[in-house]
Amino acid sequence: MQKIVFTSSLTAAIWRENICSQTDVDERCWSDQDFCRKMKLWYALAKTLSEQAAWALAMDRMLNMVSVNAGLVVGPAVAQQNPCSTMSYLKGAAEMFENGVLAVVDVKFLADVHIRAFEDSSTIGRYFCFNQIVHTEEEAVKLVETLSPLLSSQPKYECQGSEAYAERLRTKKLNKLVEGTA
């Protein structure tokens with residue numbers, strides 16, 4: 001076996017106390033398991049535990065592993081076909097938005113990243129994978145509209161202002177992979 005490409009989630013890296021005090025959130029970060037339990041972020045906890053177990057197994061067996069940590073996956077009918085995982089990912093979405101770590105990834109881009117990660121012999125480690133960080137109210141409203149009718153029970157919302165939250169997620173490794181310089 002040459003390489004394992006493991007699919008994980010940004011939620012395995014973003015949840016901890018005082019995330020707003022951290023300037024950058026990158027591939028070195030892990031979600032705090034106790035914080036996830038305390039806040040009942042079960043999806044994030046499951047993704048964190050499963051990815052850590054995969055890393056331990058890969059190291060034990062001396063296997064080359066790449067983990068693709070995806071943002072919320074969007075695309076034609078993705079949310080409607082996977083409502084449980086979409087809604088589980090969105091638990092805590094308001095906090096993710098306010099802390100600059102609510103990110104989305106197009107399903108086709110995500111598939112391409114998986115292929116590139118497998119085919120490029122130099123890839124190793126974790127790769128954050130997203131197309132966009134949702135950091136303005138307007139972008140948040142568009143995301144909710146994209147997820148309709150899954151979020152149809154939500155009241156209509158009109159943007160009150162143009163407040164933008166700082167983006168904290170970094171994808172230097174992914175950029176190199178996509179540009180072909182990994």
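Visitor: In what order do the strands S3, S4 and S6 form their open sheet?

Guide: In this predicted model, the order is S3-S4-S6, and the pairing among these three strands is mixed. Strand S3 (72-74) and strand S6 (132-133) each have a single partner strand and stand at the edges, so one side of each lacks a neighbour in the sheet.

Visitor: In what sense do S3 and strand S4 pair, and over how many bridges?

Guide: S3 and S4, the latter covering residues 103-106, pair in the parallel sense over three bridges. Within this pairing, Leu 72 stands opposite Val 104 in S4. Helix H7 (residues 107-119) packs on the sheet and touches S3 and S4, with its direction at about 75 degrees to that of S4.

Visitor: Which strands form the other open sheet, with parallel pairing?

Guide: That sheet holds three strands in the order S1-S2-S5. From one strand to the next, the twist averages 25 degrees. S1 and strand S2 (residues 65-70) run parallel and are joined by six bridges; Ser 9 has Ala 70 in S2 as its bridge partner. H7 packs on this sheet too, touching S1, S2 and S5, and its direction makes about 165 degrees with that of S2.

Visitor: Which residues of helix H8 are buried?

Guide: In H8 (residues 137-146), the buried residues are Glu 137, Val 141 and Leu 143. Viewed down the axis of H8, they fall within an arc of 155 degrees, so they line one face of the helix. Their cover includes S3, helix H6 (93-98) and S4.

Visitor: What does the protein as a whole contain in secondary structure?

Guide: It comes to nine helices and six strands. Of its 182 residues, 42% count as buried. Among contacts between residues at least 6 apart in sequence, 76% join residues at least 24 apart. The protein exposes about 10000 Å², with carbon and sulfur atoms supplying 54% of it.

Note on methods
Residues numbered from 1 in each chain as written. Predicted model: local features only at pLDDT ≥ 70, side-chain atom pairs only at ≥ 80, totals over all residues. Heavy atoms only, no water. Pairing = 2+ DSSP bridges. Helix = DSSP H or I, 4+ residues; strand = E, 2+ residues; numbered from the N terminus. Contact = heavy atoms within 4.5 Å. Axes fitted to C-alpha atoms, helices over the stretch in contact; angles between N-to-C directions. Buried < 20%, exposed > 50% of the residue type's maximum accessible area, 1.4 Å probe, protein only. Arc of directions from axis to C-beta. Areas by Shrake-Rupley, 256 points an atom, 1.4 Å probe, with all protein chains shown as cover.
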